[in-house]
Amino acid sequence: MAEDKRWDESLHCFELRLNEVKRKIVEKGNEKPTNIGATRELVVNITNAVIVSPARETSGGLYALSNLDQTYPHMIEIVFAFKGEGRGSCSTATETIRASLAEVLVDFYPFAGRLVMGSDGKMAATCTGEGVLFVEAMSDDDIGMLGDISVINPGTLRKLVKHSDGAQTIVEESLLTVQVTTFKCGGITVGIVMNHVLVDGKALTDFLTCWSDVARGRSPSILPFLDRSVLCPRRPPRVDLPHHEYAPIDRPSERIIDPQTKPHVYRSFNFEPHTLIQLKKVSTITTHDGSTIVPTSFEVISAVVWTKALGMDPHEATKLLTAVDGRPKFDPPLPSGYFGNGIAWSCAECSAGELTRKPFLFAVRTVQEALRCVTESYIRSAIDHVELNRVVVDYEGNTCCISKWSRLPFYETDFGFGRPFQVAPTTVPHNLVLVASQSGETDNLVVSLGLPRDAMDVFSELIQSELALMNKY
């Protein structure tokens with residue numbers, strides 16, 4: 001009885017503290033973005049477009065992809081903004097980036113190929129050596145007019161990357177494109193569009209590390225491990241665990257890229273270190289032996305987003321899928337420089353009513369438990385599940401997906417004229433939430449999401465309602 005009383009008192013204190021933290025987050029999230037930038041539209045003019053092939057002959061033929069590569073058929077777009085100090089002329093900097101790309105493609109040659117669909121319904125890369133589309137562009141504006149690019153503005157930022165306008169399926173998309181845009185002030189942006197079927201964020205940063213090493217005249221600090229057979233299914237496949245993170249594909253044609261016929265609305269929320277500390281305090285639990293379990297920043301952010309991002313009836317089921325780097329989960333870990341998708345998706349599940357009625361601690365613990373389940377056995381079982389079933393990551397309906405970019409070393413990219421002062425995605429796929437660093441000079445984390453306008457209207461209404469509720473305390 002004494003223990004129950006202490007638990008009730010702790011819950012009461014928890015709710016009081018949580019209400020204050022939620023109020024601060026809601027107020028911050030509803031501020032108008034400071035990223036207004038210039039009052040006029042950014043003008044970018046393409047001046048040249050070439051295909052950059054590997055500098056030397058590379059291996060050819062069909063390059064098999066793993067089952068984990070098949071499950072998230074989306075394009076990822078990223079912009080790196082550099083002040084360009086000490087870079088010399090614009091043409092010299094651009095030529096350095098282009099020449100070093102040709103060199104690094106010798107080791108990362110699958111990027112220079114194309115996707116194909118096999119007779120077994122699985123995608124593979126054909127290593128044709130065709131090369132990577134490299135676009136040169138310029139703007140008469142100052143790079144400062146971009147403002148804070150962590151506040152996603154696709155209308156502006158997508159001018160800084162080269163995306164495929166006419167592709168109808170993920171197979172028709174390029175594996176990699178690069179756009180270098182120079183500004184009149186001397187600033188430079190490097191826009192990367194990558195096909196997630198080929199690599200995940202960790203593999204992309206390995207590629208960027210090698211690329212920037214070569215650009216500065218250094219030997220690559222990490223080389224790709226290209227053999228994806230380390231993630232092949234078991235024989236026979238054996239599904240040991242439930243995998244609600246996946247949904248079936250009924251027809252091959254459903255591998256079509258979302259045409260986004262509905263207008264999307266994008267919002268970004270800034271989580272400062274103080275806010276994260278307070279969230280952790282109200283989410284920390286004390287075990288029976290007196291030790292404490294403190295959630296990570298990512299865990300509390302995930303729980304906050306999950307409890308607000310989906311407007312549903314209380315009886316409806318909801319899922320939070322979290323991208324987890326599976327490389328260190330194996331024993332031994334996957335080889336250094338593993339080139340491909342090494343991520344698995346944890347799956348937290350409950351009803352919408354549980355998220356809204358129960359204390360915030362419930363959401364945090366549900367997220368933590370799902371993350372703990374991602375082990376080598378879980379990933380092996382997922383690989384076999386994909387082998388036996390035509391599935392992709394279930395990012396539709398009442399599912400919220402979240403991915404952490406904040407620990408990826410994007411800000412260490414240096415092509416010879418300094419590190420970027422800002423790195424950000426240009427857009428966010430439907431139902432995906434990205435957690436990224438605001439800049440290389442702050443510990444702030446930015447949470448960005450994009451939803452169809454009707455869904456975002458519901459989301460915004462929920463935020464406003466909670467703001468009004470919190471103001472009563």
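The accessible surface of the protein chain amounts to about 21000 Å², and 51% of this belongs to carbon and sulfur atoms; accessible areas come from the Shrake-Rupley method with a 1.4 Å probe, and for residues only the protein chains shown count as cover. The model is predicted: local features need pLDDT of at least 70, side-chain atom pairs count only at pLDDT 80 or more, and totals for chains, interfaces and linings use all residues. Residues are numbered from 1 along each chain as its sequence is written, and side-chain values use heavy atoms, with hydrogens and water left out.

Of the 473 residues of the protein chain, 54% count as buried, where buried means under 20% relative accessible area, exposed over 50%, and partly exposed in between (1.4 Å probe, protein chains only). The chain contains 10 helices and 19 strands; these are DSSP runs numbered from the N terminus, with helices (H or I) of at least four residues and strands (E) of at least two. Among contacts between residues at least 6 apart in sequence, 80% join residues at least 24 apart, a contact being heavy atoms within 4.5 Å.

Strand E10, residues 264–271, is mostly covered, as 8 of its 8 residues are buried. From E10, His 264, Tyr 266, Ser 268 and Asn 270 point one way, while Val 265, Arg 267, Phe 269 and Phe 271 point the other way, and all are buried. E10 runs antiparallel to strand E19 (residues 445–452), to which 8 bridges join it; two strands pair if DSSP finds at least two bridges between them. The bridge partner of His 264 in E19 is Pro 452.

Another part of the structure can be followed from Asn 195, which is found in strand E8 (residues 188–195). Asn 195 counts as buried because its relative accessibility is 0%. Its side chain reaches the backbone oxygen of Ile 170 at 3.4 Å. Residues up to four places away in sequence aside, Asn 195 touches His 74, Met 75, Leu 115, Ile 170, Glu 173, Ser 174 and Leu 175.

Leu 115, one of these partners of Asn 195, lies in strand E4 (residues 114–117). Leu 115 has a relative accessible area of 5% and is therefore buried. Apart from neighbours within four places in sequence, the contacts of Leu 115 include Leu 65, Met 123, Ile 170, Leu 175, Asn 195 and Val 197. Leu 115 and Ser 174 are 59 residues apart along the chain, and their C-alpha atoms are separated by 7.8 Å.

Conventions:
A polar contact is a pair of N or O atoms within 3.5 Å; within protein, one must be able to donate a hydrogen and the other to accept it, and residues adjacent in sequence count only if both atoms are side-chain atoms.
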